[in-house]
Amino acid sequence: MKFVTYKSGGEERLGLLDDARGVLDVVKAGRAIVGRDLPGNMLSFIAAGDSALADARRLLEADSGWMPLASVKLMAPIPHYKKNVFCVGRNYKLHIEEGARARGVPVSFPPVPEFFSKPPTAVIGNGDDIQWDSRCTQQLDYEIELGIVIGRKTSNLSEGNALSAVFGYTIVNDVSAREVQKAHGQWFKGKSFDTFAPIGPCIVTADEFGDPSGHQLVLKVNGEVRQDSNTSDMLFNCQQIVASLSAGLTLEPGDTIATGTPSGVALGMEPPAWLKDGDTVELTITGIGTLTNKVRKIG
């Protein structure tokens with residue numbers, strides 16, 4: 001199943017997404033089919049666990065109430081995070097190599113996942129603008145990443161049972177201001193400007209997405225393919241990432257982990273092809289869909 005958050009009449013609603021039929025209001029359909037109110041926002045729904053998922057599967061039987069996708073405004077699947085979005089740096093070998101070349105430093109592969117985070121104020125949804133403030137950065141970059149969405153409160157997971165804690169998967173664009181990232185000597189500031197975390201367009205449940213290894217990732221800028229890779233090329237796979245992050249650190253329903261980006265970023269091009277005003281960035285991961293945003297210069 002695919003879940004979305006959408007806006008209708010100024011109100012945020014939780015919906016089921018069907019590629020052929022469109023979007024179905026979970027609360028309204030729940031009243032009609034299940035006979036009771038289901039959780040009305042993504043965080044509450046994820047926290048409700050397997051019973052909510054079982055009820056939602058029944059909603060797929062609905063033969064009415066589906067709205068064309070073009071008729072609704074999608075938001076980030078989780079529009080109001082309570083915590084920062086977790087991120088993994090340097091997790092595809094070719095990307096590590098291109099980054100080292102661009103910076104003129106030796107290639108080194110991290111022995112453990114390298115974590116940082118983005119604040120909730122960075123999160124935007126499908127169709128929203130990536131705001132480029134040229135007073136702060138002239139080196140605006142993109143990064144397609146598979147996002148893991150945690151389904152239950154947990155910690156200290158082993159690699160063997162790490163994926164049992166996953167609700168589903170989404171797409172994250174880890175937008176980056178490269179010279180800010182370099183100047184601060186760490187990743188947080190240069191990756192945390194407002195609108196620097198487009199997420200969406202949906203969350204696909206773990207059972208439908210299947211093994212997270214083997215999914216194609218493609219990023220295009222104005223129709224030109226910049227990144228084209230596969231999640232099987234991760235240095236640390238999803239099981240290792242979740243297990244490592246959860247060691248001594250409590251994960252909660254809705255927590256999202258961006259798992260790193262493959263090669264093909266603007267930083268690694270000669271010369272670097274930084275994002276500019278008016279650019280359209282499209283990110284596609286097989287089994288999820290396409291996340292699209294435009295760059296808009298604001299300063």
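Analyst: Start with Thr195. Its relative accessible area is 7%, so this residue counts as buried. Keep in mind that the model is predicted.

User: Where in the chain is Thr195 found?

Analyst: Thr195 sits in the loop between α5 and β13.

User: What is the phi of Thr195?

Analyst: First the general idea. Most residues other than glycine have a negative phi. Now the case: Thr195 has a positive phi, near 75°. Arg90 is another such case. Arg90 is not a glycine, yet its phi is positive, about 50°. Arg90 belongs to the loop between β5 (85–89) and α4 (93–103).

User: Now the charged side chains. How many salt bridges are there?

Analyst: Side chains of opposite charge can pair when their charged atoms come close. In this model the count is 20 salt bridges. One of them pairs Glu11 with Arg13, with the closest N and O atoms 3.1 Å apart. Glu11 is partly exposed at 43%, whereas Arg13 is buried at 17%.

User: How far apart in the chain are Arg178 and Asp141?

Analyst: Arg178 and Asp141 form a salt bridge, 2.8 Å from N to O. The two are 37 residues apart, so this pair links distant parts of the chain: Arg178 is in helix α5 (residues 178–184) and Asp141 in strand β9 (residues 140–141). Arg178 is buried, with 5% relative accessible area. Asp141 is buried as well, at 0%.

User: What does the pair of Lys191 and Asp174 tie together?

Analyst: The closest N and O atoms of the Lys191–Asp174 salt bridge are 2.8 Å apart. Lys191 is in the loop between α5 and β13 (197–205), and Asp174 in the loop between β11 (166–173) and β12 (176–177), so the pair ties together parts 17 residues apart in sequence. Lys191 is buried at 3%, and Asp174 is buried at 0%.

User: Which residues do salt bridges with shared partners join into one network?

Analyst: The network holds Lys118, Asp141, Glu143, Asp174, Arg178 and Lys191.

Terms used: Residues are numbered from 1 along each chain as its sequence is written. This is a predicted model: local features need pLDDT of at least 70, side-chain atom pairs count only at pLDDT 80 or more; totals for chains, interfaces and linings use all residues. Side-chain values use heavy atoms; hydrogens and water are left out. A salt bridge is a side-chain nitrogen of Lys or Arg within 4 Å of a carboxyl oxygen of Asp or Glu. Buried means under 20% relative accessible area, exposed over 50%, partly exposed in between (1.4 Å probe, protein chains only). Helices (H or I, at least four residues) and strands (E, at least two) are DSSP runs, numbered from the N terminus.
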